[in-house]
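Dear colleague,

I am passing on to you the structure we spoke about, with the sequence alongside it. My notes on what was found follow below.

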2 protein chains.
Amino acid sequence: MTAALRIMREEGLERLTMRRLAAELDTGPASLYVYVQNMAELHAALLDELLADIALPHTGPVARWRDGLIDIMTAYTVLLFQHPSLARSVLTLRPSGPNYLRLIDTLLGLLNAGGVPQRQAAWGVNLLLQHGTATAAEQGTRGESVEADGEQLALMWLVEEASSEDYPNIDRARSEIFSGTGPERLSWALGVLIDGIVTTSAL
Amino acid sequence: MTAALRIMREEGLERLTMRRLAAELDTGPASLYVYVQNMAELHAALLDELLADIALPHTGPVARWRDGLIDIMTAYTVLLFQHPSLARSVLTLRPSGPNYLRLIDTLLGLLNAGGVPQRQAAWGVNLLLQHGTATAAEQGTRGESVEADGEQLALMWLVEEASSEDYPNIDRARSEIFSGTGPERLSWALGVLIDGIVTTSAL
DNA sequence: ACCTGAACACCGTTCAAGT
DNA sequence: ACCTGAACACCGTTCAAGT
C-alpha cells in the first residue's frame, strides 16, 4: 500500500494503474485482486491513508466549535486539492475507512457543541464534506493537465465576451465572477455552509 | 450529435465511447476528431444540449425570486441525476455553452432580485451549481452499478456497527445520518445554501 | 483540403493453470 | 489454498496515407 501512495504522490493518481502498481511490486496485475476487490477499493484505502495525517482537535474549548469546523474542513479540502483525481474518485465512493469515520465523528461533535439539532448536524456534515470533495475535484484540475487550464481560459474569455444583450446579469456581475483568491472563496463558502446549517431547520 | 444523445439516454455515458459513436455513424474513431477536440468537449456539448430543456422563468414576480432559485436548481439537479456520469464529467469541465451561460445569467438575476450584493451573488451561483453537480455525481451512482449499491450498504453497516466508544457522536446521530428522502435532503440543502448566500457577506 | 484505416500505447478484470 | 501468466474485451488519440 506504501507503493501505491508513493506512485500517487510522485506521478499522480492517473498513473497509478493496476498494471503499473503490479509492475512496481514485481508481479502481474491479477495478484492485486487478492488484496482489493477493484480500483475503487484501492482509492478508498488511499483516502483513508491520507486522512490519517489531518489533525483532529477533538478536545478544545467548546466555544471555539466554529473555528474547529473551519480548520478541519480547510485541512480536508487542502488535502484533496493536492490529489484532485482522488477527490473525483472519492465523490462516488462513500468512503468507510476508520479515519473517515473519525472525521465524521469529529465534525458531528463540533456541530453538537454549537447546539445544532441532531438532524441538521447529520445532514450538515454530509453537505460540508461533499463541498470539500467537490471543490477539490473541480478546482484541482488546474495545472494537472494543460487542457484544463485551456478550458478555464476559454470560459473566462466567453464570460468576458458575453454580450450584455444576451446575458445582462453576467454583464453586470462580470467583475465578480472570477474575483477573489481560492482561499478567500473557500472560507466564504465554509461560512455560508456553517451559517446555513446552524440556522436552517430541517423539515 | 443526436446519435451521441441517443446512446447516452439508452445505454448511459459509460457506453458512449468514441469508438462506439464512430461505429454508429459508420466511420472510424479518427473522424470524430474533426468535430470535437476530445472526449471532454463531447461531454460539454451533451450537457449544453440537455440544458436546453430546462425551463428558465426569466420573467415573473420579483418577490418570488427564492422559489425561482429553488425550482431551477431542483430542475438542474434532477436533470443531472439521470446522467450521473455526465455530472462527474461536468464537475471537471467548466462548461461554457450558451445554455449554461443562460442558466448562470438567470440565477444571477434571481439573486439580484433578492437584493444580494454582486459578489455574494456571483460566488453564490458557483456554490449552487457546484452543489447540484456534486449531488448528482455522488448520489446518482445508486443503481448505475451493482458495486455502488454494495458500497452504500457497506457504509450503512459500518455506521450501524460503529462502536459508541470509538465514535460517540456517530452513535448519537445514528438515526439521522441516513434519514430523510433524497428530495427532502435536496430541498434542505438548497435552503441552507440560499440562506447562507443571502446572509453571509464576502470578505 | 478533407477524411480515415490502422496503429500506438495503453486500460481493468477474469480465469485456467501452475505451485 | 494461494497466486499469477496470459488472455479478454476493451479504451482515447494520433498520423500517415488515401480520396
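How much space lies in the largest cavity? The model is a predicted one, and in it the largest cavity holds about 50 Å³ of space; by the rule applied, the count comes to one cavity of 30 Å³ or more. Its lining is made up of L127(A), Q130(A), H131(A) and L193(A) together with L127(B), Q130(B), H131(B) and L193(B), and the elements that give two or more residues to this lining are α7 of chain A and α7 of chain B.

Turning to the interface, chain A and chain B each bring 65 residues to the contact, and between them they bury about 5900 Å², of which 59% is on carbon and sulfur atoms. On the side of chain B, the residues that lose the most area to chain A are R94(B), W123(B) and W188(B), which together account for 16% of what that side buries.

As for polar features, 24 residue pairs are in polar contact between chain B and chain A, and two salt bridges are found across the interface, one of which joins E176(A) to R119(B), with the closest N and O atoms 2.8 Å apart. Several helices of chain B, among them α5 (84–91), α6 (98–113) and α10 (182–199), each supply at least two residues of the side that touches chain A, while the largest share of that side, 15 residues, comes from α7(B). The residues of this side divide into 28 nonpolar, 22 polar and 15 charged.

With best wishes

Notes:
Residues numbered from 1 in each chain as written. Chains lettered and ligands numbered in written order. Predicted model: local features only at pLDDT ≥ 70, side-chain atom pairs only at ≥ 80, totals over all residues. Heavy atoms only, no water. Contact = heavy atoms within 4.5 Å. Buried area = accessible area lost by both parts, 1.4 Å probe. Salt bridge = Lys/Arg side-chain N within 4 Å of Asp/Glu carboxyl O. Polar contact = N/O pair within 3.5 Å; in protein donor to acceptor, adjacent residues only side chain to side chain. Helix = DSSP H or I, 4+ residues; strand = E, 2+ residues; numbered from the N terminus. Nonpolar A, V, L, I, M, F, W, Y, C, P; charged D, E, K, R; others polar. 1 Å grid on protein atoms, 1.4 Å probe; cavity = no way out; pocket = protein on both sides within 12 Å on 5 of 7 lines; lining within 4 Å. Points joined across faces, edges and corners; volume = space filled by probe spheres on them.
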